[in-house]
Amino acid sequence: MDRLKKRLVEGILNERISINGLIKSISKVRKERKAAFDKWVKIDQKWDNSKVSIKKKLEDLSSQRDRIMSDMENDPEVVKEPSIGNKGPVADYAKQLHRVEKSQRRLEGTFDAMERTVRDAKTEYEQLKRRELKLDDALMNGLRAGN
C-alpha cells in the first residue's frame, strides 16, 4: 500500500492525520479525479463516434452472411456436386462464410473491449470521487473537532 493510501486509511479510519495532511491529500485526489474525468470523457466521446460505424459494419456483415447462405441454398451446383474436403461449391461458400464470420467476431471483440474501457474509466472516476468525498468529510470532522 503506497504512503498516500496508508495516510488516507489512517486519516479516515483512525483520524491520525493532521488537517494540513488532509488538505494536501484532498488536493492530490482532486487532481487525480479531474484527470480521470478528462480521460473518461475523451474515451467516451471517441467511442461514441466509432460505435455507430462499427454497428453499421456488423449489420452489413450480417446481411452479407445471410446473402451467402441464401445463395448457397439456391445454387443448383451445391446439390449436384457435394464438396469433398476443401474443394467444390459448398467449400467455396464455407470459405466465404468463414471470412465474414471472422470479421464479425473481430468487430464484436472490438466493440466489447471499448465498452469495457469506457466502463472502467467511468469506474475509476467514480472511485476517486468517492475518495474525495470521504476526505472532505474527514476534513470537516477534523475542523469541527478543532484538530
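Helices (H or I, at least four residues) and strands (E, at least two) are taken here as DSSP runs, numbered from the N terminus. With that settled, I looked up Gln104 and placed it in helix 4, residues 89–145.

**Ground rules.** I am working on a predicted model, where local features need pLDDT of at least 70, side-chain atom pairs count only at pLDDT 80 or more, and totals for chains, interfaces and linings use all residues. I number residues from 1 along each chain as its sequence is written, and side-chain values use heavy atoms, with hydrogens and water left out.

**Confidence.** I checked pLDDT, the predictor's confidence in each residue from 0 to 100. The protein averages 83, and 84% of the residues score at least 70. Helix 1 (residues 3–14) has the lowest confidence, with a mean of 54. Helix 2 (residues 19–74) has the highest, at 90. I note that low-pLDDT coordinates should not be read in detail.

**Overall.** I found 4 helices and 0 strands. The pattern along the sequence is α-α-α-α. I took contact as heavy atoms within 4.5 Å. Among contacts between residues at least 6 apart in sequence, 75% join residues at least 24 apart.

**Burial.** My cut-offs on relative accessible area are under 20% for buried, over 50% for exposed and partly exposed in between (1.4 Å probe, protein chains only). Of the 147 residues, 26% count as buried.

**Back to Gln104.** Is Gln104 buried or exposed? Gln104 is buried, because its relative accessible area is 13%. I left aside neighbours within four places in sequence and found Gln104 in contact with Leu58, Leu61, Ser62 and Arg65.

**Aromatics.** I paired rings of Phe, Tyr and Trp (its six-membered ring) if their centres lie within 6.5 Å; planes under 30 degrees apart count as stacked, over 60 as edge-to-face and the rest as tilted. The search of the whole structure gave 4 aromatic pairs. One of them, Phe37 with Trp40, is edge-to-face, at 5.9 Å centre to centre and 80° between the planes. Both residues lie in helix 2, 3 residues apart, about one turn of the helix. Trp40 counts as buried at 18% relative accessibility. Phe37 counts as partly exposed at 32%.

I then followed Phe37 to Tyr125. Their ring centres are 5.2 Å apart and the planes stand at 55°, so I logged the pair as tilted. Phe37 lies in helix 2 and Tyr125 in helix 4, so this pair ties together parts 88 residues apart in sequence. Tyr125 counts as buried, at 12% relative accessibility. I recorded Phe37, Trp40 and Tyr125 as one aromatic cluster.
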